Amino acid sequence: MKEIDAFVKRLHYFDEKFKLFIKQNNAYLIGEYLALCQIIDGYSAFIINPANEEHWNNLEQSIEIVSLVENLRNNASVCVRIIEKYRALELRDKSEEITGYFRNIEDCIEKEFGGFQITNQSKVLLVGSGSFPITLLRIAERTGAEVFGIDIDDEAIHLGKHVVNKLGSHLSIQIDNKSVGELEVIQQISHIIFSSTVSCKYDILGQLYDLTNKDVRIAMRYGNGLKSLFNYPMQKVDETKWYIVEEIIHPQSVFDVILYQKCNDLTR
């Protein structure tokens, strides 16, 4: 019981820290940035710790805990966006040191699509590209694919374009504040990645069935169980439209990936 109490106390600690940084954040000050990076890295390590998974499984899902989890997920997402914006504003060169959280994201990119290989003929869309679109840069750099990013945050779009111009001006990357329905190239998109912190990702997936071509591949980042502290969890989909091809579990990552394909394109 003491271990569970200590676990919950730790959750409250992270939530209070996140709320404090969100309240105090101004001008992306270097001191605040470094301290926030440490908290996010500590939170990431907490989430992928197997011992904490056991505590999570033994935790009673009361109204208080459900509310706390929702607050943590939302506040952690806001704090990551603050870090992204600071990195974009202070960008110097490619050798810039990155935090553990972003290194964690980078390490997962290679395995993102499993058997759904991305080539230089692919057109890749990232839903929720953010201020520091590391996924777009890595995919374009390593595969030569044409990549697109969309986000609903105007400042993130502006900063994301700045980062791309600085680090990937030679690459085919386009970032816009548009919905999937507003993208002129949506019918040509071959691969779509959903950021794990996009709250309405399954609503958007529902829209994509009629908008996309028959061969489109979907990689949905998500987090169930303890990982739901940092990510929106997996939801059921319309089984007449979407089929789960593969679930890619990353024990040392803050999120996992589930791959979808249109049902009418599969031979089962």
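Select Lys19 and Asp15 and display their side chains: the two meet in a salt bridge, with 3.6 Å from N to O. A salt bridge here is a side-chain nitrogen of Lys or Arg within 4 Å of a carboxyl oxygen of Asp or Glu. Side chains of opposite charge can pair when their charged atoms come close. Both residues belong to helix H1 (residues 2-24), where, being four residues apart, they are separated by about one helical turn. Helices (H or I, at least four residues) and strands (E, at least two) are DSSP runs, numbered from the N terminus.

Buried means under 20% relative accessible area, exposed means over 50%, and partly exposed lies in between (1.4 Å probe, protein chains only).

This is a predicted model, in which local features need pLDDT of at least 70 and side-chain atom pairs count only at pLDDT 80 or more, while totals for chains, interfaces and linings use all residues. Residues are numbered from 1 along each chain as its sequence is written, and side-chain values use heavy atoms, with hydrogens and water left out.

Next, select Glu155 and Lys85. Their closest N and O atoms are 3.1 Å apart, and the two residues form a salt bridge. Glu155 lies in helix H7 (residues 154-167) and Lys85 in helix H4 (residues 63-89), so this pair ties together parts that are 70 residues apart in sequence. Glu155 counts as partly exposed at 35% relative accessibility; Lys85 is buried, with a relative accessible area of 11%.

Move on to Glu146 and Lys123, a salt bridge whose closest N and O atoms are 2.5 Å apart. Here the link is between distant parts of the chain, 23 residues apart: Glu146 is in strand E2 (residues 146-150) and Lys123 in strand E1 (residues 123-127). Glu146 is partly exposed, with a relative accessible area of 27%, and Lys123 is also partly exposed, at 24%. The structure holds nine salt bridges.

Now select strand E5 (residues 217-222), which is mostly covered, with five of its six residues buried. Which strands pair with E5? Strand E4 (residues 191-194) pairs with E5 in the parallel sense over four bridges, and strand E7 (residues 256-262) runs antiparallel to E5, joined to it by six bridges. Two strands count as paired if DSSP finds at least two bridges between them. To locate these pairings, display Ile193, which stands opposite Ala219 in E5, and then Met220, whose bridge partner in E7 is Ile258.

E4, H8 and E5 make a right-handed β-α-β unit. The crossover is right-handed if, with the strands pointing away from the viewer, the path from the first strand over the helix to the second runs clockwise.

Finally, display the whole protein. Its secondary structure comes to eight helices and seven strands, and 52% of its 268 residues count as buried. Among contacts (heavy atoms within 4.5 Å) between residues at least 6 apart in sequence, 75% join residues at least 24 apart.
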